[in-house]
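Have the structure open while you read.

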Amino acid sequence: MSGSEKVVCVTGASGFIASYLVKLLLQRGYTIKASVRDLNDPKKTEHLVSLDGAKERLHLFEANLLEEGSFDSVVDGCECVFHTASPVNLSPTNPQVELIDPALKGTLNVLRSCTKVPSLKRVVLTSSITAVLFNGKPLTPDVLVDETWVSDPAFCENSKLWYVLSKTLAEEVAWKFAKENGIDLVAINPGFVIGPFLQPTLNLTVETILNLVNGRAQTFPNSVYRFVDIRDVALAHIQAFEVASASGRCCVVGNVVHISEALNLLRRLYPALSIPQKCEDDKSAMLTYQISKEKAESLGINFTPLEVSLRDTVELLKERGFLKV
């Protein structure tokens with residue numbers, strides 16, 4: 001068990017990515033200090049404390065991204081801090097308050113706490129592929145996006161891509177702070193994460209799949225999706241700590257496909273489901289492009305086939321009663 005006797009921290013532990021990360025860390029024998037926003041909310045804690053090994057090796061703390069010093073006790077004594085906590089909201093009323101402040105101030109608050117920890121070896125930041133892609137460059141089939149790409153804050157602001165802006169700025173301040181304070185930082189940039197979820201409530205990405213297969217949608221969007229399986233994303237975080245040579249950023253995307261291709265897979269898997277056949281517009285299908293897998297594969301990630309991720313997502317939606325078949 002590679003994590004035996006090692007203590008690590010996971011911020012925002014109740015979330016989709018973080019919950020699965022906690023599960024894998026426990027399986028590897030790690031002791032985890034994990035933060036949630038509200039210890040008295042069973043929706044934030046029950047799925048974590050019921051995991052194998054949680055009783056012995058999972059310690060929950062309450063922490064607030066906007067409160068300086070809030071993470072001091074959570075990160076104390078840890079060898080690695082996995083900072084996953086960040087709001088996800090694609091249509092905020094007040095982007096500054098709902099997205100940008102918690103993402104930026106939260107990242108800085110966690111990193112400031114990290115500077116007080118002599119045992120700390122590395123910080124692994126959960127960023128996003130959106131912090132890579134949005135710079136105004138055309139995305140066509142001959143384009144290969146890699147870790148050198150960086151989203152342009154001005155482009156994001158002009159396009160009102162507030163979530164993208166929050167992730168881009170948070171990663172930017174993290175790199176600056178890490179450099180100035182000698183923190184060994186690795187950023188994970190996952191795509192549109194699907195797969196078996198542990199938390200009791202639906203997160204945005206899984207809910208998107210549900211809304212396309214539950215019979216209510218008449219059309220599908222003319223959009224390209226950057227799919228990746230939750231199990232691959234969680235493992236990439238752990239490898240980013242365990243592989244000593246890991247550094248910089250790491251794009252973690254298994255498949256870049258037009259949503260129609262994913263829906264075709266689902267139709268074959270679930271012929272009884274009412275899945276929309278028609279695109280929402282008459283324009284030609286948005287072009288796909290490529291995202292480099294080289295860095296992720298160098299960390300030992302063998303990407304889960306899209307069909308498996310989609311099937312496991314739908315099976316869990318059925319099992320939990322979100323999808324009636």
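## Helix 1 against helix 10

Helix 1 and helix 10 cross in a right-handed way. Their axes come within 9 Å, at a crossing angle of roughly 65 degrees. Keep in mind that this is a predicted model.

Who does the touching? On the helix 1 side it's F16, I17, Y20, L21, L24 and L25, and helix 10 answers with I230, R231, V233, A234, L235, H237 and I238. Sorted by class, that contact comes out as 11 nonpolar residues, 1 polar and 1 charged.

## Two nonpolar cores

The largest nonpolar core has 69 residues, and the members touching the most others are V10, V22, L25, I32, F82 and F227. Helix 1 (residues 16-27) supplies the largest share of this core, with 9 residues.

Zoom in on I32: beyond its neighbours within four places in sequence, I32 is in contact with V8, V10, V22, L25, L26, R57, L58 and H59. There's also a second, separate core of 44 residues, with V81, V164, L165 and V253 among them.

## The buried side of helix 9

In helix 9 (residues 204-213), the buried residues are T205, V206, I209, L210, L212 and V213. Looking down the helix 9 axis, these fall within an arc of 165 degrees, so they line one face of the helix.

What covers them? The cover includes helix 1, strands 8 (192-194), 9 (219-220) and 10 (224-229), plus helix 11 (259-269) and helix 13 (306-319). Just after helix 9, G215 takes a positive phi of about 90 degrees.

Note on methods. Residues numbered from 1 in each chain as written. Predicted model: local features only at pLDDT ≥ 70, side-chain atom pairs only at ≥ 80, totals over all residues. Heavy atoms only, no water. Core = buried A, V, L, I, M, F, W, Y, C linked by side-chain atoms within 4.5 Å. Buried < 20%, exposed > 50% of the residue type's maximum accessible area, 1.4 Å probe, protein only. Helix = DSSP H or I, 4+ residues; strand = E, 2+ residues; numbered from the N terminus. Contact = heavy atoms within 4.5 Å. Axes fitted to C-alpha atoms, helices over the stretch in contact; angles between N-to-C directions. Left-handed = near helix turned anticlockwise from the far one by under 90°. Nonpolar A, V, L, I, M, F, W, Y, C, P; charged D, E, K, R; others polar. Arc of directions from axis to C-beta.
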